[in-house]
Amino acid sequence: MKKQASSDLLQAIAVCCELTNTQLSQAAVRVMSDDLAQYPEQQVMGALHRCRREVRSHLTIADIVARLDDGRPGPEEAWAICAPTLDDEGPTVVRTAEMDVAFGVALGCAHDKVAARMAFLESYRAQCMAARSEHRPVRWQPSLGHDASGREGVLLSAVAQGKLAADHVRALLPYMSPIDPQAERILALRKPAKLLASGHD
């Protein structure tokens with residue numbers, strides 16, 4: 001059963017429409033509010049707040065959905081995470097599923113950094129919009145670089161942030177032993193982890 005929009009959400013949509021010079025019929029407002037009510041209200045409220053500051057005219061559902069804070073990095077942040085591995089396979093990074101797809105597109109024009117960035121941003125925005133439209137939760141996954149010495153810090157940081165499951169990281173770092181108390185403490189605190197990602201047991 002579809003969720004119904006709260007009075008607070010309806011009011012926030014009305015205010016945002018007024019401030020962005022958007023005129024919608026009552027039926028259109030109802031459709032917009034019903035669609036947005038299917039997302040966590042706190043995320044929608046945050047997105048509407050951003051729209052009030054960023055959208056100059058004619059507010060759309062896409063404008064709002066694109067600004068949902070659902071754990072996915074913004075396009076520029078996502079590119080900053082991926083860019084170092086464009087021509088260097090050494091570093092280990094932790095990326096979302098949407099970042100992986102967009103990075104694959106960027107690799108097709110890796111010889112031109114500007115073109116690679118533009119290709120990544122376009123693909124990433126499209127991937128995020130599709131994921132949000134289908135209500136798919138963010139899913140983080142590691143991309144292990146050739147430099148094994150640099151993996152531990154990156155993966156442990158992802159565990160501490162709730163992006164990866166502790167048991168998953170343990171399996172990726174078989175050489176790690178209890179003699180590293182800081183690493184063990186991080187992994188212990190995150191077990192069981194309340195993950196930002198899905199798909200990890």
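**Fold and local features of the predicted chain**

Of the 201 residues of the protein chain, 36% count as buried (under 20% relative accessible area, with exposed meaning over 50% and partly exposed in between; 1.4 Å probe, protein chains only). The model is predicted: local features need pLDDT of at least 70 and side-chain atom pairs count only at pLDDT 80 or more, whereas totals for chains, interfaces and linings use all residues. Residues are numbered from 1 along each chain as its sequence is written, and side-chain values use heavy atoms, with hydrogens and water left out.

The protein chain holds 10 helices and two strands, taken as DSSP runs numbered from the N terminus (helices H or I, at least four residues; strands E, at least two). The order of elements from the N terminus is α-α-α-α-α-β-α-α-β-α-α-α. Where contacts (heavy atoms within 4.5 Å) link residues at least 6 apart in sequence, 69% join residues at least 24 apart.

Strands β1 (residues 93–96) and β2 (residues 140–143) run antiparallel and are joined by four bridges; pairing requires at least two DSSP bridges between two strands. Val 93 stands opposite Ser 143 in β2. Val 93 and Arg 95 point one way from β1, Val 94 and Thr 96 point the other way, and all are buried.

Met 32 lies in helix α2 (residues 26–36) and is buried, with a relative accessible area of 4%. Beyond neighbours within four places in sequence, Met 32 is in contact with Ile 13, Leu 24, Leu 59, Thr 60, Ile 61 and Ile 64. Met 32 and Ile 61 are 29 residues apart in sequence, yet their C-alpha atoms are 6.5 Å apart in space.

Helix α7 (residues 113–133) has 21 residues and should span 30 Å at 1.5 Å a residue, which agrees with the 30 Å between its end C-alpha atoms; the expected span is 1.5 Å times one less than the number of residues. Asp 112 caps the N-terminal end of α7, with a side-chain oxygen 3.1 Å from the backbone nitrogen of Val 114. The buried residues of α7 include Phe 120, Leu 121, Tyr 124 and Arg 132. Among the elements covering the buried residues of α7 are α4 (61–65), α5 (75–82), β1 and α6 (97–107). Just after α7, His 135 takes a positive phi of about 60°.

Notes. A polar contact is a pair of N or O atoms within 3.5 Å; within protein, one must be able to donate a hydrogen and the other to accept it, and residues adjacent in sequence count only if both atoms are side-chain atoms.
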